[in-house]
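Morning, everyone. Have a look at the structure on the screen, and then we'll go through its charges.

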Amino acid sequence: MFFSKLFSLWPITVGLMLCCLFSIPCEAKIHHRTFVIQEATYTRLCNHTKSMLTVNGSYPGPTITARKGDTVYVKVINRGNNNITIHWHGVMQPRDPWSDGPEYITQCPIQPGANYTQRIQLTVEEGTLWWHAHSEFDRATVHGAIVIYPKLGTTFPFQKPHKEFTLILGEWWNRNTTDLYRTALDNGGQFDLSDANTINGQPGDFQPCSSNETFKVQVEQGRVYLLRVINSAMENSFLFKVSNHNVTVVGTDASYTKPYVNEFIMIAPGQTMDLLLEANQLQNSSSPFRYYIITNLYFDGSRNATRDNKTAVAILEYKTNHSPRSITPVFSSLPKSNDTNASASFTRGLRSLVNSDDPALLTQAVDVKMYITLSTNEQLCPNSSCAGPNGTRFAASMNNASFLAPETKIDVLDAYYNSIAGVYTTDDFPDQPPLFFDFADAQNQGLNLKLVDKSTKVRVLEYNSTVEIVFQGTNLVDGQVTHPIHLHGHSFYFIGSGTGNFDNTTDPLSYNLVDPPFVNTLGVPKNGWATIRFRALNPGVWFMHCHYEQHTIWGMDTVFITKNGNSTEATILPPPADKPPC
């Protein structure tokens, strides 16, 4: 068996040796994967067994592994009972929005019994990303990791780890999540809270009937390990730590950072972080050798915007001659779940490893400036019959525009590429809100901006334009929270943030224009602001939305359309032959 495996790898081994020994350029590889969307039965929290949607029967789903520069073709076969789409979160997909995945934005969904082959181009990404369903509430169970190693002939910009572990933070519902989604959609109310938080699909020791399946990692004293942490949760931001160990952040959203040592991290839905951990606690034979890996809720919202605050744990075990089950792991506390100072302090410490590859983006004049308010809103219901405040239906908005997926069932990308009228509005998504006031104290303004109408507004960008966006949290409806905003097709520089209302005169003085983190998802503080900057170099149609799933569903979204440039290399690719029909 060993020799058959060895000789099956012989061509790859020879190729690697030639690249390393003779400095021959190693070509990028093409990988092929198959994702089968199918129902599978899982049990958690004692006897709560349900059939749920998975990829290849696994939860979390399979990991995609490749190198920077590689291309991965994934054939998605839908053997489930409902439509579905898959998104490759954080992959820029240059010129190819056809494979990006958001339902009715860049494609119509893959129908039951159908399939669609999507192309993942790993051009600049290096580190950890993830993939997930981008339809209805499906990503609750349909998600997995993307691990991108350095190109052959290059290496990590930090000590090579002895081993690595992927830790996917998530949520578990006892109820079928499709039923949960449809109930909330029908009645207009809040989505049910999850019944447990999880690490790699397991709630861990502190939850009922869960200790036998708690996820474990085994380490050796004196070794360094790489933890790839992904927040796949639908609604929860998390504080995360390894008891009695510091971690060193070395990457966020598949972009390297300056080494940043801390006792914990704060990670919002959609974000990924690469952490180095030195196994240095087994000093002698009497030292504890089991430690809890802990994830707790981070939540800065009010009592009217509750979240699942149950602690999830995994276990880090040192290799010893002891029987591990006889020893209770060490538990060390995290900051309080509403400690906004701890969260802000951690976020301020993140810095890109090197100065910008595009210094002009950070120093020259900006072409497009946008000021986007993020709000939870309401819609009127007939006879006040909905489950939102005072019989209304919950909604959400950017600049008081609440996004509606095309009702024509033609996706925005098809409409743009084929010049089909009537799918999205011809009046652009606004660059600023309809009215300026004290956004952080909006409830006391007496302003009639709580109620919104639905529309499909887009913002068209010229190719190669420099875009700066200030996101402003508001408090129109009680229950505002930090909003994790994700932009498809781009990463961006996160150049500043603060509390209260953004001051256009003084706050830009605090911007980091030297080494800001380069990310695809950021948390906009509750009733505060955050500023990003990016260059529109990726022609196509790109979704931007809050990564709290119910906010996405309620309409805290918009679409950027980046026009073609003047060359073939700056032009959107033609659609694939097998793209799903509407």
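I'll start with the overall fold and then turn to the salt bridges.

This is a predicted model. The protein has 7 helices and 32 strands. With 582 residues, a compact globule would have a radius of gyration near 25 Å; ours comes out at 24 Å, so the two agree. The C-alpha atoms fill a box of roughly 65 × 55 × 55 Å along the principal axes. Buried residues account for 57% of the chain.

Now the charges. There are 43 positive and 51 negative side chains. The centres of those two sets sit 6 Å apart. How many salt bridges does a search of the whole structure find? It finds 16.

Take Arg 228 and Glu 164. Their closest N and O atoms are 3.0 Å apart. Arg 228 is in strand 12 and Glu 164 in strand 9, so this pair ties together parts 64 residues apart in sequence. Glu 164 is partly exposed, at 23%.

Next, Arg 351 with Asp 515, at 3.6 Å between the closest N and O atoms. Arg 351 lies in the loop between helix 4 and helix 5, and Asp 515 in the loop between strand 27 and strand 28, so parts 164 residues apart are tied together. Here Arg 351 is partly exposed, at 31%, and Asp 515 is buried, at 11%.

Asp 192 and Arg 175 also pair, at 2.8 Å. Both count as partly exposed: Asp 192 at 39%, Arg 175 at 33%.

Last one. Glu 220, Arg 223 and Lys 319 are linked in a salt-bridge network.

Notes: Residues numbered from 1 in each chain as written. Predicted model: local features only at pLDDT ≥ 70, side-chain atom pairs only at ≥ 80, totals over all residues. Heavy atoms only, no water. Helix = DSSP H or I, 4+ residues; strand = E, 2+ residues; numbered from the N terminus. Rg over C-alpha atoms; globule rule 2.2 N^0.38 Å. Buried < 20%, exposed > 50% of the residue type's maximum accessible area, 1.4 Å probe, protein only. Lys, Arg positive; Asp, Glu negative; His and termini not counted. Charge placed at Lys NZ, Arg CZ, Asp CG, Glu CD. Salt bridge = Lys/Arg side-chain N within 4 Å of Asp/Glu carboxyl O.
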